[in-house]
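Subject: A structure for you to look at

Hello,

Please open it first and then read on.

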Amino acid sequence: MICQRPAHKARGLLWEFAGGKVEPGETKEQALVRECREELAVTLAVGPVYMEVTHAYPDLAVHLTLFTAAIREGRPQRLEHADIRWIAPEEIGGYDFCPADEAILARLAAEGRQPQQGGPQA
């Protein structure tokens with residue numbers, strides 16, 4: 001699943017993965033569950049880490065931890081994003097993503113070209 005950032009935010013209308021900042025006292029997994037509940041109205045079952053990336057934008061540096069996850073409860077709703085979509089790896093090139101996601105997208109695309117056994121879907 002990918003989410004389009006609201007037009008009024010930094011990197012507005014670019015696509016990204018659901019998630020957000022870790023609050024004090026939270027684990028990364030707890031933060032992902034909370035953010036998806038707040039932004040998408042779904043409850044997740046969080047699996048293992050898929051990949052970690054650090055990226056420096058001109059205005060901030062971000063460290064992204066991408067988890068494998070499944071929706072345990074609810075149907076995704078567009079509560080905070082301009083749009084949300086389920087896409088397959090071969091569709092990645094049709095979307096303008098935040099630069100921090102480039103390494104993640106490259107791995108997803110490469111794995112999408114190979115036979116998979118239950119691999120993640122963006």
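Does arginine 34 count as buried or exposed? At 15% relative accessibility, arginine 34 counts as buried; the word means under 20% relative accessible area, with exposed being over 50% and partly exposed in between (1.4 Å probe, protein chains only). This arginine lies in helix α1, residues 28-40. Leaving aside neighbours within four places in sequence, arginine 34 is in contact with Lys21, Glu23 and Glu26, where contact means heavy atoms within 4.5 Å.

Before you go further, please note that this is a predicted model, in which local features need pLDDT of at least 70 and side-chain atom pairs count only at pLDDT 80 or more, while totals for chains, interfaces and linings use all residues. Residues are numbered from 1 along each chain as its sequence is written, and side-chain values use heavy atoms, with hydrogens and water left out.

Now for the chain as a whole. The protein chain has two helices and five strands, in the order β-β-α-β-β-β-α from the N terminus on. Helices (H or I, at least four residues) and strands (E, at least two) are DSSP runs, numbered from the N terminus. The radius of gyration is 14 Å, which agrees with the value near 14 Å for a compact globule of 122 residues; this radius is taken over C-alpha atoms, and the globule rule is 2.2 Å times the number of residues to the power 0.38. Along its principal axes, the C-alpha trace spans about 40 × 35 × 25 Å. Of the 122 residues, 37% count as buried. Among contacts with a separation of 6 or more, 58% come from residues 24 or more positions apart.

Next, the strands, which pair if DSSP finds at least two bridges between them. Strands β3 (residues 43-56) and β4 (residues 61-73) run antiparallel and are joined by 11 bridges. They form a hairpin, with four residues between them. To find your place there, look for methionine 51, whose bridge partner in β4 is leucine 66.

There is also an open sheet of three strands, with the order β2-β1-β5 and antiparallel pairing. Its edge strands, β2 (15-16) and β5 (83-85), each pair on one side only. Strand β1 (residues 2-4) is joined to β5 by three bridges, and isoleucine 2 has arginine 85 as its bridge partner in β5.

Rings of Phe, Tyr and Trp (its six-membered ring) pair if their centres lie within 6.5 Å; planes under 30 degrees apart count as stacked, over 60 as edge-to-face and the rest as tilted. That rule gives three aromatic pairs. Tyrosine 95 and phenylalanine 97 form an edge-to-face pair, 6.5 Å centre to centre with 65° between the planes. Tyrosine 95 is buried, with a relative accessible area of 18%, and phenylalanine 97 is buried at 11%. Together with Trp15 and Phe17, these residues form one aromatic cluster.

Best wishes
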